[in-house]
Amino acid sequence: MLAAAISNEVLAFGSPLLALFCLAPLYTAFYGSRSASRAALIFSVQILTTHLISSFWLANFHGFAVFTLGASAFGTALEGWMCGFVAYSMPFLTERRLGSRKTADMMESAGLRPFSAAGRILWFTASWIFYEWIKSTGAMGYPWGTVSMAAYRWLVFRQIADVTGVWGVSAIYVLVSCVTAEAVALIGSKPSDTHSMEGYGARCMAVRQCARLTLALFAVSGLYGLAQVLAPRMPVKHMNIVLVQQNRDPWESGENDSIRISKSITEGAVAAMRESGMEPDLVLWSEGILDRAFPGSRTYYEHNPGDEGLGEFIKRMGIPFVIGGSTRVNPEKKHTSNSAILFDKNGKYSGFYSKIHLVPFAEVIPYGENPLMRMFMSRVVGFSSGWTPGNQLVLFKVPLSGASSYTAPLEYNRPLYDEIALSEKGLSSSKDTERFITSGQENPDAFVRFSVPICFEDAFNDVCRRLYNMGSEVFLNITNDSWSLTPSSEYQHYIAASYRAIEYRTTLVRCANSGYSVVVDPAGRVLADLDVFTEGSLCYNVPVYKRARTIYARSGDWLAYCALSCIALCMIMAFCNVHGIRIPRIKKIQIIVTAAAPRTGNVIGGE
């Protein structure tokens, strides 16, 4: 059911309604299992099925497609098995404490464990968040196939992401699935004899309380989301951007064709923008267009390829460009990174940002430096090396149109404390007075600082959060997803990335060679977009907002860490139960505070 709720070939943006109940079957099967191995298998089958149905397009990946889908499926199933095994620690702990599963069930039916249903619901929710966090972070992370992706269309209920991240969004949907499963189980187990009605009533009470809690969380989430969606946000400046979607797979069509089409689209878009009275501040081309590695190829692209070289074309346009290419970061070891290349308005190479979070088994081979792994990959799969991950976070800074005429306001960058001093003759100092005539500082309104997460980096907060916290005002993503050949792949990637706009209350701009190219505002609304798998350009006056330090920007994955702490504690307790290790209980803690007073003669005499 989860795979059907996520963006697919039938429902382009998924079904939040289906997402509300999608995990109810898993919940029922999981708590019906009688062993940790069976529970782990159930979890693994659920995760594997979701992955294969929702991410089938991985089979279209170039050259080693079956391996990419197969390796990712195996890794995902393994994660599911591990998380299912871990999640069983609480049911196991309960069985050990009460003697057996049968005893636990009898006690619950008798009404002696009225809060067991609530415990199951909260525990399963924490376990699922733990799974999604494990799946979505780290070098092997793949944040697809999550409940939060299925929640996309209900914009109001996604707004809590600036507090909890995507984990909070997933949690309230999982709670609904759990409560639904418990309610269905109660309906199917209603006793016919009066003797068992008391226990049944206690179970009903517990489920109702959980339902009320879930409803309250949904209501609070909805009210908060409504306030955020309706909140007026005034941009502090605007950036005129031209996005180019050339609808070419650079691996198939080759560099010359990609550049030729991109030039043609760009020239028409820039001319149209200028005719409308807007001067472009930046042109954005997608990932992987330039084949030759920088910085060595910088002179080549000044006059090549074609009759008008790339550098010459950019100079004629008179606009800075960001284009996807590559960088040879270590010529001796032949280390090359996937990069975003910045060109100034004269077509000169200005610098790069290299992708830090690479796609496992596609862009990078885990343990690829190991000779055995290299030999295996070379003989079995057909390739043995990939990109080298970047090791530097980079901000790009470009001037906005008319920046040279901007005066530096006196309200910016002024010290909190200052002094205006006159000399002993009552005269002012020209140097001191100058501080109150001109600021002497750069006008921040005349420039924009942006970061360029590359491809699926826009789905990862280990990169985006650091880029935002170092001063990024806008996320400009460049992507190559054309190899997938399916609209669902394009939309799934966009949905995963769209949460970054909400989490940091910033604008997200995505330029993809075949889509989904889009501009998203800080509330997650689409401001402008292009159809997938079409040639075209998107010229937009992108709003730039004052940077907001949201709770998520400050605290990161705090909700996932809470779930992780809960899981770890129960695992420790389960381990102690298995091995007969007694956990000491502190019955009473006494704190004795002794105050020492200076002793005087009278006091001593009194003693």
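Begin with the largest pocket, whose volume is about 1000 Å³. In this tour a pocket is an open set of points on a 1 Å grid over the protein atoms alone, with protein on both sides within 12 Å along at least five of seven lines, and lining residues have an atom within 4 Å of a point. A volume is the space filled by probe spheres set on the points, which are joined across faces, edges and corners. The structure is a predicted model, in which local features need pLDDT of at least 70 and side-chain atom pairs count only at pLDDT 80 or more, while totals for chains, interfaces and linings use all residues. Residues are numbered from 1 along each chain as its sequence is written, and side-chain values use heavy atoms, with hydrogens and water left out.

Select V359, P360, F361, A362 and E363: of the 40 lining residues, these are the closest to the centre of the largest pocket. Next, colour α5 (65-87), which gives the most to this lining, with 9 residues. Helices (H or I, at least four residues) and strands (E, at least two) are DSSP runs, numbered from the N terminus. The lining of the largest pocket divides into 22 nonpolar, 12 polar and 6 charged residues; Ala, Val, Leu, Ile, Met, Phe, Trp, Tyr, Cys and Pro count as nonpolar, Asp, Glu, Lys and Arg as charged, and the others, Gly among them, as polar.

Move to the second largest pocket, with about 640 Å³ of space. Of its 26 lining residues, Y31, D105, E108, R120 and E182 are the closest to the centre. By class, this lining has 10 nonpolar, 6 polar and 10 charged residues.

Buried means under 20% relative accessible area (1.4 Å probe, protein chains only). Of the 122 residues in this core, F124, W128, Y173, M239, F450 and L476 touch the most other members. Helix α11 (residues 166-188) supplies the largest share, 13 residues. Centre the view on F450: leaving aside neighbours within four places in sequence, F450 is in contact (heavy atoms within 4.5 Å) with residues including M239, L282, V322 and L476.

Finally, select strand β1 (residues 237-245), where 8 of 9 residues are buried. β1 pairs with strand β13 (residues 536-544) in the antiparallel sense over 9 bridges; strands pair if DSSP finds at least two bridges between them. K237 stands opposite V544 in β13.

Technical notes. Buried < 20%, exposed > 50% of the residue type's maximum accessible area, 1.4 Å probe, protein only. Core = buried A, V, L, I, M, F, W, Y, C linked by side-chain atoms within 4.5 Å. 1 Å grid on protein atoms, 1.4 Å probe; cavity = no way out; pocket = protein on both sides within 12 Å on 5 of 7 lines; lining within 4 Å.
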